[in-house]
Amino acid sequence: MLYMFTHASLGQYAVLKAMGATTKMLMSIVCAQAGFCALVGTGLGLGMCAIAGHLAASQGYPFRMMWFTPLAGTVAVLVVSLAAALISFRPVLRLQPATVFSTN
């Protein structure tokens, strides 16, 4: 999903690069997007797990969230977000400011 966000925004990244933004600045934008997605994804995932567990426990099903569940979930989301950010770096690194002026 992060790659799709980055690919859809390549025109805006090209405009920023044509206006003088450095590659480091563009990479920090991608990292900020990845961090935000990781934060939202972790919160939604753990929140839904807690709500589903509470509902299951109220119906008499055995459910207990272990102490490492939020930790393992957070680490997994961070690893996936880091991989998505690294994959998204490639099109931004290859971006040429002249693509702003192309007619495609």
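Predicted model: local features only at pLDDT ≥ 70, side-chain atom pairs only at ≥ 80, totals over all residues.
Let's start with α4 itself. It covers residues 68–93, which makes 26 residues. Does the length work out, or what should we expect the helix to span? At 1.5 Å a residue you'd expect 38 Å, and the end C-alpha atoms sit 37 Å apart, so the two agree.

Next, which residues of α4 are buried? That list is Ser81, Ala85, Ser88, Phe89, Pro91 and Val92. Look at the spacing for a second. An α-helix has 3.6 residues a turn, so residues three or four places apart point the same way. Keep that in mind as you read the list again: Ser81, Ala85, Ser88, then Phe89, Pro91 and Val92. As for what lies over these residues, the cover includes α1 (2–8), α2 (10–18) and α3 (23–58).

Let me pick out Ser81, which belongs to α4. Its relative accessibility is 14%, and the cut-off for buried is under 20%, so Ser81 counts as buried. And what does Ser81 touch, once you leave aside neighbours within four places in sequence? The answer is Ala34 and Ala38.

Now the packing of α2 against α4. Two packed helices are described by the angle between their axes and the distance between the axes. Here the angle is about 55 degrees and the axes are 10 Å apart. That makes α2 and α4 oblique to each other, and their crossing is right-handed. On the α2 side the contact comes from Leu10, Tyr13 and Lys17, and on the α4 side from Pro91, Val92 and Leu93. Pro91 and Val92 were also on the buried list.

Last stop is the loop between α3 and α4, where you'll find Gly60. Gly60 has a relative accessible area of 62%, so we call it exposed.

Technical notes: Residues numbered from 1 in each chain as written. Heavy atoms only, no water. Helix = DSSP H or I, 4+ residues; strand = E, 2+ residues; numbered from the N terminus. Expected span 1.5 Å × (residues − 1). Buried < 20%, exposed > 50% of the residue type's maximum accessible area, 1.4 Å probe, protein only. Contact = heavy atoms within 4.5 Å. Axes fitted to C-alpha atoms, helices over the stretch in contact; angles between N-to-C directions. Parallel < 35°, antiparallel > 145°, perpendicular 65-115°, else oblique. Left-handed = near helix turned anticlockwise from the far one by under 90°.
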